[in-house]
Amino acid sequence: MAAIGPTVGIVGGGVVGLCCAVALLDRGHAVSVFERDADYNAASWGNAGHIAVEQVEPLASPAALRSVGKRLFGVGGALALPPSMAAHWLPFAARLIAASTPSRFAAGTAVLTPLLAGAMPAWRALVETLGARDLLGEDGHVVVWDTPLQAQAGRERWSRTAIGTARIEDAEPALLDRLGFLADPVGGAIRFTGSGQIDDLHRLALTLEAAVEARGGRIVRQDVRLADDDGRIVIAGHKVDRVLVTAGVRSRALLEPLGYRVPMIAERGYHIRARADGWPADLPPVVFENRSMIVTRYADCVQAASFVELGDPDGPPDPRKWARLEHHVRALGLPIEAPFTRWMGARPTLPDYLPAIGRSTGRANLYYAFGHQHLGLTLAPVTAQLVAALMTGEQQPLLRPFDLNRFGKKGRHV
């Protein structure tokens with residue numbers, strides 16, 4: 001399609017940025033995606049592959065605050081607050097506490113619910129557009145508990161939880177049979193329907209990049225700097241009409257020098273991967289809730305992932321996290337054998353656990369879509385649809401609660 005709209009420079013080539021690029025190209029814009037990394041090691045390509053339509057309740061909540069003590073890494077949980085990174089997570093923790101009141105939690109649930117309702121339809125439309133329908137699985141996911149008592153408590157908790165368009169049912173006997181490889185019998189399990197997964201994250205990255213280039217867009221492998229040019233945002237060294245920031249956890253460093261307040265933290269997750277030889281090919285993602293671990297079968301590997309480590313995106317990884325994952329694999333008797341590949345990546349998380357999606361009110365050519373925390377993969381296509389419509393001049397009232405100005409302003413023209 002020949003470009004008829006403004007030229008757009010997208011800063012950040014993760015899943016959100018690439019989905020936005022495809023949507024904008026399909027609306028006739030000329031698009032360049034600036035992404036410095038070519039190793040596909042970002043959170044977009046190392047996550048659990050789960051299309052989490054059930055996660056309509058923000059993690060900033062009174063219940064989450066009450067549970068902090070038993071979720072800490074030191075007592076076997078998934079939450080890590082490294083003392084060496086306290087300068088990063090202490091200010092964030094204060095804002096998180098302020099965002100976790102009952103009223104703000106209810107408001108967050110109310111605005112995430114319609115956004116997540118569009119997630120699976122948007123994914124279906126995207127894979128059809130890409131000619132890669134097999135990338136999307138729609139077999140839901142499974143939640144497993146170690147003991148009947150834990151299962152009873154877990155079921156009761158989920159029965160009180162808003163889950164959007166997803167539904168819960170008891171795991172069918174055939175599904176439990178496929179979990180027969182576990183070292184101990186399952187204490188209980190439920191199955192979510194309406195959720196999904198991506199079959200191969202690396203292939204998704206390559207397919208999206210190929211779609212961008214096939215539509216006449218460019219993937220530019222370089223770091224960039226943003227600057228203010230008489231009230232307009234420019235990408236130094238490049239001529240574009242509009243700038244869209246989709247740089248994940250790096251968005252803070254791009255925008256705060258321009259006067260924007262972006263109280264975002266790197267929420268670091270870890271995974272281990274191994275060959276898929278012994279894992280049932282038709283088993284959907286399995287959440288071992290007592291261990292805060294999700295296991296996903298991809299096309300050619302199996303991945304075990306966990307942890308919420310708040311800190312510095314560039315800080316060294318903690319090998320104890322990988323060792324804990326390997327321990328869980330052995331203790332559960334999972335058919336996942338070494339050698340393992342190890343990964344750590346940083347989710348971009350804002351203190352109210354809502355994304356920032358919208359347009360700057362002071363610099364009319366600046367748009368943004370970042371801070372999707374655990375929902376980046378889930379919300380990428382629907383975010384792209386909304387951003388593309390916004391850039392085309394269509395009103396998008398659904399995006400008002402995600403305006404970056406909710407965190408206040410550092411300077412003028414924000």
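The charged end of Lys321 sits over the ring of Phe73, 4.3 Å from its centre, and the charged end of Arg324 also sits over that ring, 3.9 Å from the centre. Here a charge counts as over a ring if NZ of Lys or CZ of Arg is within 6 Å of the ring centre and within 35 degrees of the ring normal. Bear in mind that this is a predicted model, in which local features need pLDDT of at least 70 and side-chain atom pairs count only at pLDDT 80 or more, while totals for chains, interfaces and linings use all residues. Residues are numbered from 1 along each chain as its sequence is written, and side-chain values use heavy atoms, with hydrogens and water left out.

Rings of Phe, Tyr and Trp (for Trp, the six-membered ring) pair if their centres lie within 6.5 Å; planes under 30 degrees apart are called stacked, over 60 edge-to-face, and the rest tilted. That rule gives 6 aromatic pairs. In one of them, the centres of Phe73 and Phe307 are 5.8 Å apart and the planes stand at 70°, so this pair is edge-to-face. Phe73 is in the loop between α3 (68–71) and β4 (79–80), whereas Phe307 belongs to strand β17 (residues 301–311), 234 residues apart. Helices (H or I, at least four residues) and strands (E, at least two) are DSSP runs, numbered from the N terminus. Phe73 and Phe307 are both buried, meaning under 20% relative accessible area with a 1.4 Å probe, protein chains only. Together with Tyr270 and Trp322, they form one aromatic cluster.

Another pair to visit is Trp158 and Phe192: their ring centres are 4.9 Å apart with planes at 75°, so this pair is edge-to-face. Trp158 lies in helix α7 (residues 148–159) and Phe192 in strand β8 (residues 188–193), so the pair ties together parts 34 residues apart in sequence. Both Trp158 and Phe192 are buried.

Now to the strands. An open sheet of 6 strands runs in the order β10-β2-β1-β13-β20-β19, with mixed pairing; two strands pair if DSSP finds at least two bridges between them. The edge strands, β10 (218–220) and β19 (356–359), each pair on one side only. Strand β2 (residues 30–34) is joined to β10 by 3 bridges, and the two run parallel. Within β10, Ile219 is the bridge partner of Val33.

Note on methods. Buried < 20%, exposed > 50% of the residue type's maximum accessible area, 1.4 Å probe, protein only.
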